[in-house]
Amino acid sequence: MKRILVAMLCGALATTAMARTGVLKNGSFESFDPNTMIPTDWLAFGGRSSAGAFNDGARSCLADFANGSFQGAFQNTVSVGPGVRVLQRCLALHPSSDPLPGPLTNTPKPVAGIKLEFFPPEGLSSPPPEENLAFDANTPDLDTWVNIPINTVVPTDATIARIVLISFEPADANGDPINGNLNGPIYVDSVVLSLDGNATNPVANPSFESALAGTWNSFGALGSGAARNLFEVTAHNGSAVLKIGGPLTAGATQEVAVSEGQTFDLSTQWKSRSSGTPPTAGPYQAPSAFAGPKIEWVVGSVPAPNIDIAPNAQPVSATTNIMDGNAPTDTWMPLSIDYTMPAAKAALLRCTVINGFGNTGMGKAYYDNFEMVLTNVFDGSDADADGDEDMGDIAQLQKVFSTTELKYGGLVFDHAEDDDVDFDDVNFTLPRMTGPAAE
Ligand SMILES: [Ca+2]
Ligand SMILES: [Ca+2]
Ligand SMILES: [Ca+2]
Ligand SMILES: [Ca+2]
């Protein structure tokens, strides 16, 4: 199912109305393991299905806290890419019989609520890397800068280009170097990228004139690596260059945001030196070593920060995801998170209900009617996230129809976003059926 949702994104985003897909299971906490009381489809850290209070059905999820830890439950849902709007809604109850601690002089402030956390996406496969490792022992002109370009087009789904400046040194079956100390270092300068012909170079510290920290990440093992160098060769630009050396594969990387379909024109300057003796100086001469630029395409990076209950609760607009000791008791309060995935980001979405406090205190929070929908990946109302709108989805529509309230299971149909499922929403949904038994 995860793969299906992602595949639909490309086609649907361009055209869509406010259509919806429901992706959270057992958000009413009615089904549970009778031995552990853990709600079905949820992973619990102390939270359990409870008949102590409920809004929909006969049960909710209870997070019962005592002295310094968190309690709750979470569910990993689906992986989504940039531009997807994620809407969560849940009801929470703060019981007068065992309320959240107050007054709110405790530090940190006692809170309970819902979270949206981001993990590396599943089912989004990365396009193959592209490389031009053109510099080797046969490169004729020592002490001369050689331009090694990569000219390509950003492939489908890629949101990040990881530029890798690499010296490839083969290892044997045990991982030990083959070339030993035979090879001299290689130097790189002037990493210039043009996206769609734009003259602005998005590469940070492209000429290595500043310290690498925060711009380039060097890699390499067994004494191999990449470092900024000022005095060994004449720079192509400015006064500093990148030096890559050592007996094993090494280099430096930097990630740049890109968009599918952009033309991608990278130029990089490489040089080996005639003077000195390997491995710390001298020519890049090992017959099985080669160097140049490589591009690894990344399908989205994970957004940050998570939408948590503390300390960064409610970091996005239209989000009210926590309650505290000042919240009214014995009434079901709506909590919500409304989040749109930023450009160049992708993530597996984790939903959490949690009761968390400061160092001392006790109290309960109940959660029910937890729903999460993606509002712009499906043209219709796909209540069970199986990629269709069929009789199963329409049966749920009939159950939640109400002109006065938003019943559990209704969020996926409330296209007008006015907290009911009435005739507007039915008129949106019915013409979008994809067939009675569509798979
Ligand atoms: Ca329930
Ligand atoms: Ca430079
Ligand atoms: Ca469906
Ligand atoms: Ca409505």
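Predicted model: local features only at pLDDT ≥ 70, side-chain atom pairs only at ≥ 80, totals over all residues.
Let's start with the metal. Which residues supply the protein donors of the calcium ion (ligand 1)? They are S28, E30, D56, R59 and D368, and the donor atoms lie 2.3 to 2.7 Å from the ion. If you follow the donor residues along the sequence, their spacing reads S-x1-E-x25-D-x2-R-x308-D. Now look at two of them together: S28 sits in the loop between β1 (20–22) and β2 (43–45), and D56 sits in the loop between β3 (48–50) and β4 (60–66), so this pair ties together parts that are 28 residues apart in sequence.

Next, the arginine. R85 belongs to strand β6, which covers residues 85–93. R85 counts as buried because its relative accessible area is 13%, and buried means under 20%. What does its side chain meet there? The side chain of R85 has a polar contact with the side chain of D338 at 3.0 Å, and another with the side chain of E417 at 2.7 Å.

Moving on to the sheet. Here we have an open sheet of five strands, ordered β2-β5-β22-β7-β20, and the pairing is antiparallel. At the edges are β2 and β20 (322–324), each pairing on one side only. On average, neighbouring strands in this sheet are turned by 20 degrees against each other, ignoring direction. Let's zoom in on one pair: how many bridges join β5 to β22? There are nine, between residues 70–80 of β5 and residues 347–356 of β22, with the two strands running antiparallel.

Last stop, L411. You'll find this leucine in the loop between α2 (391–400) and α3 (423–429), and L411 is buried, with 5% relative accessibility. Leaving aside residues up to four places away in sequence, L411 touches R20, L87, R89, E371, V373 and L406. Take L87 from that list: L411 and L87 are 324 residues apart in sequence, yet their C-alpha atoms are 8.9 Å apart in space.

How values were computed. Residues numbered from 1 in each chain as written. Chains lettered and ligands numbered in written order. Heavy atoms only, no water. Donors = N, O, S within 2.8 Å, 3.2 Å for Na, K, Ca; no water. Helix = DSSP H or I, 4+ residues; strand = E, 2+ residues; numbered from the N terminus. Buried < 20%, exposed > 50% of the residue type's maximum accessible area, 1.4 Å probe, protein only. Polar contact = N/O pair within 3.5 Å; in protein donor to acceptor, adjacent residues only side chain to side chain. Pairing = 2+ DSSP bridges. Axes fitted to C-alpha atoms, helices over the stretch in contact; angles between N-to-C directions. Contact = heavy atoms within 4.5 Å.
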